[in-house]
Amino acid sequence: MTPRRYVVSLLGSAAFARAYTLTALTAAFTSFLIERMMSPVSLATIIAALALLGVAVLAVRRDELSVLRFAPTSLLGFLLLTLLSTLWSSDRGGTVAGWITLFGYALIAITIGHVRDTLQTVRAIGDTLRVLLTVSLALEILSGILLDTPFTALGIQGALATGGPIQGVFGTRNMLGFIAVVALITFVIEWRTQSIGRVAGTLSIALGGFLALLSASPTVVVLAAAVGVATTALTIVRHTPPHRRSAVQAGLGALVVAGLVVAFALRHQIIRLLDAGSDFSTRADLWNLLLDFISERPITGYGWFGPWPRGEYPFTYVNFQLSDHHQSALNAYFDTLLQVGWAGLALFLVLGGVAVVRSWLVASVRRSVVYAWTPLVLVTLGVESMFESFTLTGIGWLLFVLCALRAGQTRSWRESIDAAQTGAISTLGPEGPRG
């Protein structure tokens, strides 16, 4: 076998697809750790290498891919708009750098979505998070109990002995809480699909729940409540006879709207109950100030940067006025609105909204519980986006793109076109080529 044929065979193999997925997920989940232990340049180099490797994998598998189903149209539109924002950005170099990072993570997610199916993806994320959460707990025990000293280089405060908050290897308690909730969803799906044994499933769920609790993040309670409600609603729909499913979906939708109205009306009581007054006050002050800057450029925004850069207007001026050092708007929707305006926010909402509807409908009718993973993670990302900007960067953006791609593969107008072109019968089943 010639070297070229060997490389092509390797890149197209199932073993390489699994190795690539695990490596990419580990790099994305440990992005904070890589930046702290090495440098931002090292992280950028790793992501760039993975993105280029993804291009090579997709090129080798090009005969298995469909142009129409390669990526959601709204995702391509969002990426195009963020790139075009270079034209009106105050720092074109910074915007290009921010866009390359956004595009790199999206390309990695697209590659994973085309070379692994839903169950394989869930298992890869589960394997990755089991290791990282275990490492996080071990480091917290070492820092907070055995040595009783913070690991400043890793962002670990060593507060485990006092009940938290803890950060693990993820930098902040809110990020740990978010990842712990994603891990819990993943571990439960793994257990329900019998991808892991009962003992491994029980220990994994206990680990995720324990770290979510010790993160002491107010958002964890909100995320857990949202995921619990979504899981209950999805369970009801899945067990409803097909002829009554539409009515039940409509009724549940009305209940969700009513619940949101009640939650808004009782927001002050809920904030006091969660003991999150200071956190919410900080966010409210930030968001109120951002509205003034958004009104200056409501359509286009100030240009895409992702995490806020230092020395650029209006980000530095916002922090100056608040005497703070925010690196984001602490809200993905406000951040999108600030950086790419109402046009960008509309594309972002369409991308997420369509993905939720598609994945929810698929999970409602598919017998396997593995299809519940996508809508539940999307709900987690959507709710978390109200308190943090995780969905726009790093692992949050990767998961968002991956879920949107997965939803589009299983319920999309592209599927009907592909079926018509190939003479196949369009069903709900295809998820794309697999390795």
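Partly exposed means a relative accessible area between the buried range, under 20%, and the exposed range, over 50%. With that in hand, welcome to a short tour of this predicted model, told as a set of close-up views.

**View 1**
Leu142 sits in helix α7, which covers residues 118-146. Its relative accessible area is 32%, so Leu142 counts as partly exposed.

**View 2. Ile108 belongs to the largest nonpolar core.**
Now step inside, to a nonpolar core of 102 residues, the largest one in the model. Ile108, Trp373 and Trp397 have the most contacts within this core. Helix α17, residues 394-410, supplies the largest share of the core, with 11 residues. Which residues does Ile108 touch, not counting those up to four places away in sequence? They are Tyr20, Ala24, Ile47, Leu50, Ala51 and Leu398.

**View 3. Leu211 is a buried residue of helix α9.**
Helix α9 runs over residues 198-214 and holds Leu211. With a relative accessibility of 0%, Leu211 is buried. Leaving aside neighbours within four places in sequence, Leu211 is in contact with Leu133, Leu137, Ile166 and Leu176. For a sense of scale, look from Leu211 to Gln339: the two are 128 residues apart in sequence, and their C-alpha atoms are 33 Å apart in space.

**View 4. Ser359 is a buried residue of helix α15.**
Here the focus is Ser359, placed in helix α15, residues 332-365. Is Ser359 buried or exposed? Its relative accessible area is 3%, so Ser359 is buried. A polar atom of the Ser359 side chain lies 3.2 Å from the backbone oxygen of Val356. Not counting residues up to four places away in sequence, Ser359 also touches Tyr371, Thr374, Pro375, Leu378 and Ala407.

**View 5**
Side chains of opposite charge can pair when their charged atoms come close. How many salt bridges does the structure hold? There are five, and one of them is formed by Asp127 and Arg130, whose closest N and O atoms are 2.9 Å apart. Both partners lie in helix α7, three residues apart, which is about one turn of the helix. Asp127 is partly exposed, at 29% relative accessibility, whereas Arg130 is buried, with a relative accessible area of 18%.

**View 6. Glu388 and Arg283 link distant parts of the chain.**
In the salt bridge between Glu388 and Arg283, the closest N and O atoms are 2.8 Å apart. Where do the two partners sit? Glu388 is in the loop between α16 (373-384) and α17, and Arg283 is in helix α13 (residues 277-294), 105 residues apart. Both Glu388 and Arg283 are buried. Elsewhere, salt bridges that share partners join Arg18, Asp127, Arg130 and Glu190 into one network.

**View 7. Glu64 and Arg61 form a salt bridge.**
The last stop is the pair Glu64 and Arg61, with closest N and O atoms 3.4 Å apart. Glu64 is partly exposed, at 38% relative accessibility, while Arg61 is buried, with a relative accessible area of 3%.

Terms used. Residues numbered from 1 in each chain as written. Predicted model: local features only at pLDDT ≥ 70, side-chain atom pairs only at ≥ 80, totals over all residues. Heavy atoms only, no water. Core = buried A, V, L, I, M, F, W, Y, C linked by side-chain atoms within 4.5 Å. Buried < 20%, exposed > 50% of the residue type's maximum accessible area, 1.4 Å probe, protein only. Helix = DSSP H or I, 4+ residues; strand = E, 2+ residues; numbered from the N terminus. Contact = heavy atoms within 4.5 Å. Polar contact = N/O pair within 3.5 Å; in protein donor to acceptor, adjacent residues only side chain to side chain. Salt bridge = Lys/Arg side-chain N within 4 Å of Asp/Glu carboxyl O.
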